[in-house]
Amino acid sequence: MNGQEKDIVSKNDKSRFFSRLKLGLKKTRGSLASGVMRVVNGSTKFGPELWEELEEVLLASDIGVPTMTWVMGELKKEMQESTVEKKEEIVQLLKELLFNALEEVQVDTAYPLEGPCVVMMIGVNGSGKTTTIGKLAARYKRQGELVMVAAGDTFRAAATEQLQAWAQRIDIPCVYQKKGTDPSAVAYDAVQSAVVKKMDRIFLDTAGRLQTNKNLMEELKKIKRVVKKVINEAPHEILLVLDASIGQNSLSQARLFNEALDVDGIVITKLDGSSKGGVVFSIVRELKLPVRFIGVGEQIDDLQPFDPRSFVEALFD
Ligand SMILES: Nc1nc2c(ncn2[C@@H]2O[C@H](COP(=O)(O)OP(=O)(O)OP(=O)(O)O)[C@@H](O)[C@H]2O)c(=O)[nH]1
Ligand SMILES: [Mg+2]
C-alpha cells in the first residue's frame, strides 16, 4: 500500500478546516498577527523604533531569538531592495518570509510499498501522544485504511486503558499486554500481528516518563531496534509530539529526542490553548524538522495535516 496522505478534500471541507484552524490559532493570532498590525498601523515611523516594536511582537509569540533575528534581517534586506514605502506592506513581506521558512523543510519519509506503515509516537508525558494517535487512527480509518494501535506505555497506570478507549471508540484493534511488560516486546508482537492481519498502518504509543530521561531514551531506542527485526525499514515514521504551550522549551526537548532517535516529523499539539504558536517557525527553521500535524483542540477532528500556506494565512487572516 502507499502510506502517503490520500486526502481528497472538498471545497466545503477545506473552508471548514480553515475556520477550525483560524479558531485554533486565535491566541497566537492575538500575540503575533494582531501585534504586527498594531505596530504597522501605529504612529511609529520607519526606523529603528519600528523595528524594535516588531522584534518585541515576534518574541512575544515565542518565535525565539535566532528566528526573530533571521526574520528581521531578511525583512530589512527586502525593504532596502524593494521600493516599499508603506508600512502596511511589511505585513505581506513578513507573511512571505514566514511561509518560506516553513516551506524550506519538506517531509521526507520512506513509506512502505507493501505491508503496514509503522508509526512510532514519542514525546514527554502529557504532550498528547495518545490523543494524537486516537485522532490520527480515526483519520486514516476514515480514509479507508486498516489501522491498528499498540499500547507501548506499560509504565504509567491507566495508559493502556486510555489507548484501548480510543480504539474502542474508533472500532479498531488495540494490541496490549499487562502492565510492566517490556514495551519493546509489545511493539514486536504488535508489528508482527499487523503484518499477519494485513494492516495498512500501526501506531505505537510509548511512555512519556520513566524513572529517568536516560531510561526513556534507551527504552525508545530499543523499541526502534526491535521493530526493525520484524520489518527492516520500520518504523517508517517517528513522530515527536510537542506541546505548543511550553513554547521555546519544546526546542530543547526536540533536540534531545532527535539526537537519540532521529525523528522524522513533529506533531504540535494544544495550539488552541497557547499564544506561543510562533514556536512552530523556530522548530522548523532551527531543527530542520517538518511539522506533520497540528492539534487545535481536544476533539477527534481537531488534528490537521500541517500546511504552511494555510497556517500563515490563518494566522494573519
Ligand atoms: N486543547 C488541546 N488539548 C489537547 C490536544 N492534544 C492533546 N490534548 C490534551 O492533552 C492531555 C494529554 O494528552 P495525552 O494524549 O494523554 O498525552 P500523552 O503524551 O499520551 O501523555 P502520557 O501518556 O502521560 O505520556 C489530554 O487531556 C488531551 O486531551 C490539543 O491539540 N488541544
Ligand atoms: Mg499517553
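On conventions: residues count from 1 along each chain as its sequence is written, and chains are lettered from A and ligands numbered from 1 in the order in which they are written. As the model is predicted, local features need pLDDT of at least 70 and side-chain atom pairs count only at pLDDT 80 or more, while totals for chains, interfaces and linings use all residues.

I start with the sheet. Eight strands form an open sheet with mixed pairing, in the order S3-S2-S4-S1-S5-S6-S7-S8. Helices (H or I, at least four residues) and strands (E, at least two) are DSSP runs numbered from the N terminus, and two strands pair if DSSP finds at least two bridges between them. The edges are S3 (174–175) and S8 (303–305), each pairing on one side only. S2 and S4 run parallel, joined by six bridges.

Next, helix H10, residues 213–230. Leu216, Glu219, Leu220, Ile223, Lys224 and Val227 are buried, that is, with 20 or more other C-beta atoms within 10 Å of their own, C-beta atoms being placed from the backbone; exposed means 12 or fewer. Down the axis of H10, the buried residues fall within an arc of 140° (taken from the directions from helix axis to C-beta atoms), so they line one face of the helix. Lys214, Arg225 and Lys229, on the other side, are exposed.

Last, ligand 1. Its shell has 22 residues, of which Gly128, Thr130, Thr131, Gly208 and Gly295 come nearest; near means a backbone-placed C-beta atom within 6 Å. Helix H7 (129–142) gives the most, three residues.

Conventions. Expected span 1.5 Å × (residues − 1).
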